[in-house]
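Subject: The model, and what turned up in it

Hi there,

Here is the structure I promised to pass on to you. Have a look at it first, and then read on for what was found.

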Amino acid sequence: MSLKSKSAVVTGSTSGIGLAIARALAGEGANIVLNGFGEPDQIERARSGIESEFGVKAHYSDADMTKPDQIAAMVREAEQRFGSVDVLVNNAGIQFVSPIEDFPGDKWERILAINLSSAFYGMRAAIPGMKARGWGRIINTASAHSLVASPFKSAYVAAKHGIAGLTKTAALELAAHHVTVNCISPGYVWTPLVEAQIPDTMKARGLTKEQVIQDVLLKAQPTKEFVTVDQVAALALFLCSEAASQITGANLTMDGGWTAE
Ligand code: NAD
């Protein structure tokens, strides 16, 4: 497969799964828009590393996924800079763990905005160009939590179930335009997002760190192993291939068997 002369916007790609997907797409020749927050030095290292390792162009956008106008501007800028946005990966996401009765309203709104609405605004901006060129790939990073729930993750589970529905709707709207829309639903992937929720889960459930890892996180995963970011990236890359052109509207799990139970 070659993605040479194609361009990809990957939201939330300064870290974790998004960065692995961006690097995988760059490895096949796609120009990349990196997006997300973090230390400027680290982001610049990731950006310039992609350019030097893969011989593509990489641009960093600091667009905030809670801001619809910034999302649209990021897509417009990518189209101007690279000529097209052929691959859109809606991956940015955050987590907050709390019982519903204590769940702060601003956290609920923020999770819905970043984990769900940003994908809508990104698609709305990128779809016209994809339709005009008659080719596109939209990949949404959902989660096992798009299919099943866990306690104390109300906003996250609601947003991820929402993105699975949005994926299906977009897939139907774009089916005749050679634009596929799918979501990938990983189980637990060892990234900063998972590491960061451990203290809150310890508090919410009264457990030690090791108990959270073994009895909460890996308990759900029959393989008893974390998914790796490179495994998720490999699936995203496959979805960009011609071999995957008839996969659309799918919710592809990569969860060590979690949702089979
Ligand atoms: P991560 O924390 O490593 O990465 C999240 C990315 O989103 C970062 O680049 C961060 O800067 C960015 N981000 C956060 N808020 C943003 C905002 N307002 N605007 C722009 N960017 C913002 O986490 P990750 O585990 O790589 O998560 C990536 C995606 O994968 C998320 O959608 C997450 O829900 C999903 N996911 C993760 C796991 C897991 O176990 N790690 C499992 C299933 C799904």
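This is a predicted model: local features need pLDDT of at least 70, side-chain atom pairs count only at pLDDT 80 or more; totals for chains, interfaces and linings use all residues.

Residues are numbered from 1 along each chain as its sequence is written, and side-chain values use heavy atoms, with hydrogens and water left out.

**The ligand**

Helix 1 (16–27), helix 4 (105–133), helix 5 (154–174) and helix 6 (192–205) each give at least two residues to the shell around the ligand. Helix 6 supplies the most, with three residues. There are 31 residues around the ligand (a heavy atom within 4 Å of it), and those that come nearest are Thr-14, Ser-15, Tyr-156, Val-189 and Thr-191.

From the backbone, a polar atom of Ile-17 is 2.8 Å from a ligand oxygen, and an N or O atom of Asn-91 is 2.7 Å from a ligand oxygen. On its own the ligand has 820 Å² of accessible area, and the protein covers 94% of that (Shrake-Rupley method, 1.4 Å probe).

**Two glutamines**

Gln-95 sits in the loop between strand 4 (87–90) and helix 4. Its relative accessible area is 15%, so Gln-95 is buried (under 20%; exposed is over 50%, partly exposed in between; 1.4 Å probe, protein chains only). Leaving aside neighbours within four places in sequence, Gln-95 is in contact (heavy atoms within 4.5 Å) with Ile-111, Lys-153, Tyr-156, Leu-193 and Gln-197. Gln-95 and Gln-197 are 102 residues apart in sequence, yet 7.2 Å apart in space, C-alpha to C-alpha.

Gln-221 lies in the loop between helix 7 (209–217) and helix 8 (229–239). Gln-221 counts as buried because its relative accessibility is 0%. Its side chain reaches the backbone oxygen of Glu-225 at 2.7 Å. Not counting residues up to four places away in sequence, Gln-221 touches Gly-187, Tyr-188, Phe-226, Val-227, Asp-255, Gly-256 and Trp-258.

Best wishes

Terms used
Helices (H or I, at least four residues) and strands (E, at least two) are DSSP runs, numbered from the N terminus. A polar contact is a pair of N or O atoms within 3.5 Å; within protein, one must be able to donate a hydrogen and the other to accept it, and residues adjacent in sequence count only if both atoms are side-chain atoms.
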